[in-house]
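Open the model in your viewer and keep the selection panel at hand.

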Number of protein chains: 2
Amino acid sequence: MKLKVYADRMSQPSRSVLIFCKVNGIDFEEIKVEISKREQLSPEFKEINPLKKLPAIVDGRFKLFESHAILAYLACAFPGVPDHWYPADLFRRAKIDSVLHWHHMNLRRGAATYVLNSILAPALGLPLNQQAAAGAENFLSTSLSTIENVWLKGNGRFLLGGFQPTIADLSLVCELTQLELLDEKDRNRFLGPYKKVQLWIESVRNATRPHFDEVHSVLYKAKGILQMQQRKRADSGTNSGVKNSLTSKM
Amino acid sequence: MKLKVYADRMSQPSRSVLIFCKVNGIDFEEIKVEISKREQLSPEFKEINPLKKLPAIVDGRFKLFESHAILAYLACAFPGVPDHWYPADLFRRAKIDSVLHWHHMNLRRGAATYVLNSILAPALGLPLNQQAAAGAENFLSTSLSTIENVWLKGNGRFLLGGFQPTIADLSLVCELTQLELLDEKDRNRFLGPYKKVQLWIESVRNATRPHFDEVHSVLYKAKGILQMQQRKRADSGTNSGVKNSLTSKM
């Protein structure tokens, strides 16, 4: 039975799992679960992941959620996956685990909270929260500085000085691509000071083409819609209509 | 050369690594880095962990931080560690990884933020923040409910229905023991509704005795001091003197 990947391409951890499967030629079925339609809260999906979060996989009788655990599992379970994604070498693997665990309370907390509360929330039927966005800015900037000055130290173009991408590169870059939803000035405010980070994002994109761009195309489309809605909201002072419009066009 | 563990027993991830080493008879040297004295910010410690966080290890020429990555590394690098802590079996390991990654943005975010902002901050020279504590309550309660109803489902007394503890059991329980710093009424408000969680904490404690109690003894001492200081603060309406007192008595 084919691997099933439950995903919403607007969710950054979902994107990392989809790109990983495609780049590595894993035969899988993508099952769309749309967060903007609250499909992840359905009783059917609760059977797959009782925590009602995306992504999740079903591999035969085995169910798994949390994207980093999924990526590590796929790298080990499918023999065709090149070793560089999640090396069997104990020391290299431990360093990748270190980045993956660091990610949650740093880059993810900063980027996801900022984007949700500064632009995305109305599309999910939630109010924007400028205070939460302001609180997340510090996490995001500090995390970018850590990536630039700690994780990207070394000779290679990838994290931990690597010459080929790992699951940590893919996860972190997919987290950062959500900054595409921000307007250019705001995105540059965050990414502008970090030249190595910018190069690294491009390196991961190049190493995983054409799948990277294909999986991200929904995000690029959503960007246009969100920014149009943001302008309308600024004109009229209301959030109405944003959710329906995004849901129907994505 | 002996494994070096840089730790502060008041830090819950530090405790999990120390207990793991002791329970598994790993020959190591504990190097105390006191957060209340800001020793983790020293140039010497920055050489060990550029992110200035605890715990960190040095194993020969290999340096590592992030407690979950350390626990996984130690379980694999020391052949005497029984398999149940982090099974070589792909499926069981993936499920443990799932819990370990879930932990950060859920239980840790809730418990650490609540305890810091409701009682611990003055001991670290920081102001209490009731608003941040209130925000963390929801994460903490929801996480406890997830542990009770999702992670503790199954036949065994441990997470994922296991009959023996894993590194996830140890990490999550060490996170929860910081609730000991709260007054009894507050602690019961969180833990009271979750009978399986209470039993599980005791099971992990019993499975790792006497090291569990020995490593936690600093926390139990600190509890008395913090609560005395809290009463004084309530009487006088000031935080002064709290930090020095805790630092000198711990």
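Predicted model: local features only at pLDDT ≥ 70, side-chain atom pairs only at ≥ 80, totals over all residues.

Select chain A and chain B. Superpose chain A on chain B: the RMSD is 0.0 Å, reached by a turn of 180° with a shift of 0.0 Å along the axis. The two copies are therefore related as by a two-fold rotation axis. Now look at the contact residues. Both copies use the same surface, and 100% of the contact residues of chain A recur in chain B.

**Two domains.** Colour residues 3-83 of chain A as domain 1 and residues 90-244 as domain 2. Their centres, taken over C-alpha atoms, lie 20 Å apart.

**The boundary between them.** How many residues of domain 1 of chain A are in contact with domain 2 of chain A? Select them: 20 residues of domain 1 meet 28 residues of domain 2. Together the two domains of chain A bury about 2100 Å², with 67% of that on carbon and sulfur atoms.

**Polar links.** Between these domains of chain A there are 10 residue pairs in polar contact, both residues at pLDDT 80 or more. The salt bridges between the two domains number 2. Zoom in on Glu214(A) and Arg9(A): their side chains form a salt bridge, 2.8 Å from N to O.

**The domain 1 side.** Show helix H1 (12-23) and helix H3 (67-77) of chain A. Each supplies at least two residues of the side of domain 1 that touches domain 2. H1(A) gives the most, with 9 residues. Finally, colour that side of domain 1 of chain A by residue class: 10 are nonpolar, 4 polar and 6 charged.

Methods: Residues numbered from 1 in each chain as written. Chains lettered and ligands numbered in written order. Heavy atoms only, no water. Least-squares fit on C-alpha atoms with pLDDT ≥ 70 in both. Contact = heavy atoms within 4.5 Å. Domains from an automatic or database assignment. Buried area = accessible area lost by both parts, 1.4 Å probe. Salt bridge = Lys/Arg side-chain N within 4 Å of Asp/Glu carboxyl O. Polar contact = N/O pair within 3.5 Å; in protein donor to acceptor, adjacent residues only side chain to side chain. Helix = DSSP H or I, 4+ residues; strand = E, 2+ residues; numbered from the N terminus. Nonpolar A, V, L, I, M, F, W, Y, C, P; charged D, E, K, R; others polar.
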